[in-house]
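Here's a quick tour of some side chains and how they sit in the fold. Have the structure open while you read.

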Amino acid sequence: AIDDASNCVREWGDVGSARSILQMAVAIVHSARLAAPTVLTEFDRQGDTEHFSVALIKPQEQAA
């Protein structure tokens, strides 16, 4: 749900080159906490070109 969304820049500030790693860690923790898949989307601008990436993080299933 959108209520569970996170904005790393707003929450953590400018973390420089650690941004991608921080976002991945937050998404993994979020997925584990909710026991549900999480979508990680990152937007970046390099000069006149804009890029984005999307990843799906799935919690590990527990063996019975």
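A salt bridge here means a side-chain nitrogen of Lys or Arg within 4 Å of a carboxyl oxygen of Asp or Glu. With that in hand, take Glu 50 and Arg 45: they form a salt bridge, and their closest N and O atoms are 2.5 Å apart. Keep in mind that this is a predicted model.

**Salt bridges**

How many salt bridges does a search of the whole structure find? It turns up three.

| Pair | Closest N and O atoms |
|---|---|
| Arg 19 and Glu 42 | 2.9 Å |
| Arg 19 and Asp 44 | 3.8 Å |
| Glu 50 and Arg 45 | 2.5 Å |

Arg 19 shows up in two of those rows, with Glu 42 and with Asp 44. Put together, Arg 19, Glu 42 and Asp 44 are linked in a network of salt bridges.

What does the bridge between Arg 19 and Asp 44 tie together? Arg 19 lies in helix α2 and Asp 44 in strand β1, so the pair connects parts that are 25 residues apart in sequence. The bridge from Arg 19 to Glu 42 also links distant parts of the chain: Arg 19 sits in helix α2 (residues 19-34), Glu 42 sits in strand β1, and the two are 23 residues apart.

Now for how open these side chains are. Is Glu 42 buried or exposed? Glu 42 is buried, because its relative accessible area is 14% and the cut-off for buried is under 20%. Arg 19 is partly exposed, with a relative accessible area of 27%, and Asp 44 is also partly exposed, with 29%.

**A nonpolar patch on the surface**

Next, the surface. Val 39, Phe 43, Phe 52, Val 54 and Leu 56 make up a nonpolar patch there, and together they have about 600 Å² of accessible area. Which strands supply it? β1 (38-46) and β2 (49-57) each give at least two residues to the patch. The largest share, three residues, comes from β2.

Phe 43 is the one to click on: this patch residue belongs to strand β1. Its relative accessible area is 61%, and exposed means over 50%, so Phe 43 is exposed.

**A buried serine**

Ser 31 belongs to helix α2, and Ser 31 is buried, with a relative accessible area of 1%. What does Ser 31 touch, leaving out residues up to four places away in sequence? The contacts are Ala 36, Pro 37, Thr 38, Ile 57, Lys 58 and Pro 59. For Ala 36 there is a polar detail as well: a polar atom of the Ser 31 side chain lies 2.7 Å from the backbone oxygen of Ala 36.

Last stop: Asn 7, which is in the segment before α1 (8-12). At 34% relative accessibility, Asn 7 counts as partly exposed. How far apart in space are Asn 7 and Val 26? C-alpha to C-alpha, Asn 7 and Val 26 are 10.0 Å apart, and they are 19 residues apart in sequence.

Definitions and conventions. Residues are numbered from 1 along each chain as its sequence is written. This is a predicted model: local features need pLDDT of at least 70, side-chain atom pairs count only at pLDDT 80 or more; totals for chains, interfaces and linings use all residues. Side-chain values use heavy atoms; hydrogens and water are left out. Patches are made of residues with over 30% relative accessible area and no salt bridge: like charges are joined within 9 Å, nonpolar side chains (Val, Leu, Ile, Met, Phe, Trp, Tyr) within 5 Å. Accessible areas come from the Shrake-Rupley method with a 1.4 Å probe; for residues, only the protein chains shown count as cover. Helices (H or I, at least four residues) and strands (E, at least two) are DSSP runs, numbered from the N terminus. Buried means under 20% relative accessible area, exposed over 50%, partly exposed in between (1.4 Å probe, protein chains only). A polar contact is a pair of N or O atoms within 3.5 Å; within protein, one must be able to donate a hydrogen and the other to accept it, and residues adjacent in sequence count only if both atoms are side-chain atoms. Contact means heavy atoms within 4.5 Å.
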